[in-house]
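Hi,

Here is the structure I promised to send over. Have a look at it first, and my notes follow below.

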Amino acid sequence: MRATKVVQVRFIPAEYDQLLARKATVKTKTVSTYVRAVCLNKPLRLKPERSTYQAIFLSVVQETRSDVLRIGVNINQAVRFINSTTDYQYLQRKVTRMADDMARFDAQLREVMAAIQKKDGDAFN
């Protein structure tokens, strides 16, 4: 059933900030949905909390993903070029650039793996 009744509530700025802070901890899209759920004692799904480690890890994974996508684009461009050219010196420069990209990608993966191993080691000590 669609909600048709309107209730207005006034907050001072500090109260409204507190309301928004509490709403930010749950998976509701709007303040209205949150207030309705709280007033009617409906269950709310909490957002998972992320540690600083998880946030950093997610950032590194996102960077790595974009690097992999760029490498894929480079490979596609290189294959297209290989099939359409006889300029082998230019082709060698492109291959060298791809090798550099792969080396950077490998270094980033090693950094992530080292961070994970360090974090796992910290959890057991």
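**Salt bridges, a helix and a pocket**

R110 is exposed, as its relative accessible area is 53%. Keep in mind that this is a predicted model. The partner of R110 is D106: the two form a salt bridge, with the closest N and O atoms 2.9 Å apart. Both sit in helix 4, four residues apart, or about one turn of the helix. D106 itself counts as partly exposed, at 35% relative accessibility.

In total, the count comes to four salt bridges. D67 is worth a look here. With a relative accessible area of 6%, D67 is buried, yet it has a salt bridge to R70, where the closest N and O atoms are 2.2 Å apart. D67 and R70 are three residues apart in helix 3, so about one helical turn separates them. D67 also meets R104 in a salt bridge (3.4 Å, N to O). That pair links distant parts of the chain, D67 being in helix 3 and R104 in helix 4, 37 residues apart. Both arginines are partly exposed: R70 at 46% and R104 at 40%.

As for helix 3 (residues 52-82), its 31 residues should span 45 Å at 1.5 Å a residue, and the end C-alpha atoms are 45 Å apart, which agrees. Its buried residues include V60, I71 and A78.

Lastly, the largest pocket has a volume of about 520 Å³. Of its 15 lining residues, K5, V7, S32, V35 and R36 lie nearest the centre. Helix 2 (residues 31-39) gives the largest share of the lining, five residues. By class, the lining has 10 nonpolar, three polar and two charged residues.

Cheers

Note on methods. Residues numbered from 1 in each chain as written. Predicted model: local features only at pLDDT ≥ 70, side-chain atom pairs only at ≥ 80, totals over all residues. Heavy atoms only, no water. Helix = DSSP H or I, 4+ residues; strand = E, 2+ residues; numbered from the N terminus. Expected span 1.5 Å × (residues − 1). Buried < 20%, exposed > 50% of the residue type's maximum accessible area, 1.4 Å probe, protein only. 1 Å grid on protein atoms, 1.4 Å probe; cavity = no way out; pocket = protein on both sides within 12 Å on 5 of 7 lines; lining within 4 Å. Points joined across faces, edges and corners; volume = space filled by probe spheres on them. Nonpolar A, V, L, I, M, F, W, Y, C, P; charged D, E, K, R; others polar. Salt bridge = Lys/Arg side-chain N within 4 Å of Asp/Glu carboxyl O.
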